[in-house]
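Here's a quick briefing on a ligand site and a couple of helix pairs. Have a look at the model first, then read on.

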Amino acid sequence: MTTPDKLIPSIPLSSWANAFVDWLTANFSGLFNIINDVFEGFVGLLHWLLASPSPLIVVVLISLIAWWLAGWRVSLFTCFGLLLIISLRLWDSAMLTLALVLASTLISLIFGIPLGILTYRFHKVRVVIKPILDIMQTMPAFVYLIPAVLIFGLGNVTALLATFIFAMPPAVRLTYLGLTHVPQATLEAAEAFGATEWQKLFKVQLPLALPMIMSGVNQVIMLSLSMVVIASMVGAGGLGAEVLRSISMLDVGLGFVAGISVVIIAIILDRVTIYSTRKKKIISK
Amino acid sequence: MATQTATSIIRVQNVSKVFGSKKKQALAMRRSGRSKAETEEKIKTTVAVMDAEFDVYKGETFVLIGLSGSGKSTLLRCLNGLIKPSEGSVLLENENIGRLDRRRLQQIRRNKIGMVFQNVGLLPNRNVLDNIMFGLEVKGVEKSVREKKAKDALEMVRLNGQAYKRVDELSGGMKQRVGLARALASDQEILLMDEPFSALDPLIRREMQKLFLDIQGEVQKTVIFVTHDLDEALMLGHRAAVMKDGEIVQFGTSEDILGDPANDYVEQLVQGVDYSKIRTAKSAMKPLKAIAYQNESPQVVLRRMKANHLPAIFVMKRDGTLSGLIQLPQVTNLAEKRRQDLSAITPNPCHRVGMETPLREILPLYSDQPVPVAVVDKDHRLKGEITPVSLINSLTKEIQDYERKKSDLTEAVQE
Ligand SMILES: Nc1ncnc2c1ncn2[C@@H]1O[C@H](COP(=O)(O)OP(=O)(O)OP(=O)(O)O)[C@@H](O)[C@H]1O
Ligand SMILES: [Mg+2]
């Protein structure tokens with residue numbers, strides 16, 4: 001035995017963590033089941049919407065949405081990119097990945113934006129939230145994947161949860177940042193005209209913070225996509241699963257095309273979110 | 001005094017505002033005669049406003065004037081509750097602004113007190129019209145009414161046709177107009193204006209001041225106007241309070257302040273006024289249509305005066321310096337007596353002023369008789385004349401407006 005070990009008693013943190021997870025599963029299994037069903041249903045619905053119609057119809061629809069949000073260039077790229085995925089015979093996996101990314105993005109925004117607002121409004125929330133966000137982003141994913149697997153089992157829900165934890169922080173941070181950048185003079189003017197707190201929030205602060213919030217949305221999407229491979233390790237399907245399969249079979253070609261497909265989806269989502277805010281500015285001019 | 005019978009709409013009583021932790025101590029230090037700077041340095045606490053007391057009457061434009069940091073904005077913000085006074089009270093028709101709950105305060109801001117800011121504070125994501133509608137929107141006014149009122153306000157600030165522009169496409173002056181229109185659209189009876197024109201360049205500023213006077217002539221609001229420019233105060237305001245280091249150091253009509261600066265500080269402010277530079281005799285003087293020399297024949301001079309419709313004419317000595325003024329009847333008399341020249345009568349003495357004499361010193365010269373005042377150079381050579389009419393014309397329109405508004409107030413006050 002070395003001296004430090006004699007001097008400093010060991011803290012049984014790991015066994016506490018084990019006990020905590022056991023306690024959670026024992027006492028909250030009902031709650032976890034509900035969460036599980038909701039998330040599973042949500043991803044399932046999105047996947048069904050994307051994958052059940054004929055791929056060509058979906059390509060056209062998504063391209064149209066891209067056109068509407070971000071203009072014809074992005075739309076054109078979207079169209080060719082999706083057609084390439086079809087020709088690579090990865091359509092179904094790609095749509096599952098897209099469904100997972102959209103689901104985790106939506107959930108991240110549903111929690112992240114209000115949390116960003118609370119962080120802005122209340123100093124106490126800010127003090128608590130900041131370190132939590134840091135932990136969420138820096139803690140290696142496997143640390144929370146193991147308990148998540150214990151609670152939810154292998155599958156899409158665990159993957160979604162892991163993605164959510166990793167990808168949500170920018171939604172909070174950039175909402176907060178956007179709100180702090182609203183000019184004090186504009187807020188004061190709103191106040192001087194008798195605006196209530198809610199009116200200030202919805203008529204002044206959120207609209208002015210929107211560009212920043214949108215770049216948060218963009219980051220959330222990108223981070224979600226970067227989690228696809230890890231997500232497949234805990235049982236999610238989709239392109240990540242194809243990559244994993246290519247690794248286990250040492251199939252360079254499969255790995256390559258699956259990787260390309262992830263990149264295509266990433267570029268589409270990135271451009272659509274970025275250009276949608278820029279285009280609005282141009283239109284209103 | 002007449003003003004006491006006027007209805008006071010805002011009453012500021014002993015208002016002090018202290019920023020910092022040692023409020024009591026800071027106020028005590030200031031009241032015991034220490035300077036603002038000293039207090040700030042010693043205990044890191046700023047007395048922004050100290051023991052302010054005044055009334056604002058219905059329909060007048062009340063000016064708060066003072067150098068930067070003198071506490072004007074702070075005091076103004078106490079009037080609509082954006083800042084709560086540390087001591088004292090602001091009564092708006094007997095309601096204590098500092099004590100109201102949030103709801104009531106919002107109601108008052110929506111319906112009673114509007115505000116225009118130096119940095120405007122427009123919403124960059126909205127177009128001009130939507131910005132102007134903001135106040136009405138907050139009030140929950142129906143959309144069609146909202147649009148109508150906003151368009152009326154837009155017209156008032158002469159921005160018709162710009163309704164659908166983005167605000168970041170507008171010039172500074174136009175933005176300020178939008179800010180003004182936003183306040184006008186909500187149609188509160190009191191308007192707080194915090195240096196609304198200070199950031200504009202002088203020409204645009206003049207234009208905005210005129211616009212303000214025109215609009216004020218139409219809508220007759222009670223305005224509390226903050227400025228650090230005495231010229232602006234003179235032009236726009238009925239009464240003014242001069243602030244220094246948080247205290248009101250003088251108080252009265254703009255004219256009182258100009259004529260009798262209470263102390264060095266006010267004197268300093270007054271010195272800054274353009275009076276001495278722009279509005280001097282030189283600017284109001286006009287060239288003489290005709291003059292006469294002492295050795296000229298009365299007939300010739302008489303014809304010259306009639307041709308130029310002159311009731312009186314300046315007479316020059318042989319050496320070219322000014323002798324005085326003679327009246328038409330006098331010349332006629334000489335002509336009838338068939339005198340050879342004008343030397344038979346001594347010209348009436350007339351007022352002479354130098355080129356740089358301020359106009360406000362010239363004005364009283366007409367009180368004894370409405371004859372032209374001669375403008376002479378250093379060598380007493382006649383350079384031009386100032387008649388009551390030319391003086392009035394040359395005093396910029398702003399001054400006329402100022403005078404007009406002042407008489408309006410006197411009437412209002414007497415009612
Ligand atoms: N929120 C604040 N916190 C601390 N000190 C303040 C605050 N607001 C104003 N002050 C101080 O109060 C004093 C008066 O400021 P105020 O803004 O009222 O001056 P002002 O007369 O409007 O000046 P300006 O012409 O520059 O606008 C200044 O010394 C300023 O530093
Ligand atoms: Mg100010």
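Three elements of chain B, namely α2 (36-43), β2 (46-57) and α3 (72-79), each put at least two residues into the shell around ligand 1. The top contributor is α3(B), with 3 residues. Helices (H or I, at least four residues) and strands (E, at least two) are DSSP runs, numbered from the N terminus.

This is a predicted model, so to speak plainly about cut-offs: local features need pLDDT of at least 70, side-chain atom pairs count only at pLDDT 80 or more, and totals for chains, interfaces and linings use all residues. Residues are numbered from 1 along each chain as its sequence is written, chains are lettered from A and ligands numbered from 1 in the order in which they are written, and side-chain values use heavy atoms, with hydrogens and water left out.

**The shell around ligand 1**
- Lys36(B), Ser68(B), Gly69(B), Ser73(B) and Thr74(B) come nearest among the 14 residues around ligand 1; "near" takes a heavy atom within 4 Å.
- Sorted by class, you get 3 nonpolar, 7 polar and 4 charged residues in that shell (Ala, Val, Leu, Ile, Met, Phe, Trp, Tyr, Cys and Pro are nonpolar, Asp, Glu, Lys and Arg charged, and the others, Gly among them, polar).

**Polar contacts (N or O pairs within 3.5 Å)**
- Ser68(B) has a polar side-chain atom 2.5 Å from an oxygen atom of ligand 1.
- Glu195(B) also uses a polar side-chain atom, 2.9 Å from a ligand 1 oxygen.
- With Ser70(B) it's a polar backbone atom, 3.2 Å from an oxygen of ligand 1.
- On its own, ligand 1 has 630 Å² of accessible area (Shrake-Rupley, 1.4 Å probe), and the protein covers 61% of that.

**Helix pairs**
- In chain B, the axes of α7 (residues 143-156) and α8 (residues 172-186) come within 8 Å and cross at roughly 135 degrees (axes are lines fitted to C-alpha atoms over the stretch in contact, with angles from 0 to 180 degrees between N-to-C directions).
- That angle is why α7(B) counts as oblique to α8(B) (under 35 degrees is roughly parallel, over 145 roughly antiparallel, 65 to 115 roughly perpendicular, and the rest oblique).
- α7(B) passes α8(B) in a right-handed crossing, meaning the near helix is turned clockwise from the far one by less than a right angle.

Terms used:
Polar contact = N/O pair within 3.5 Å; in protein donor to acceptor, adjacent residues only side chain to side chain.
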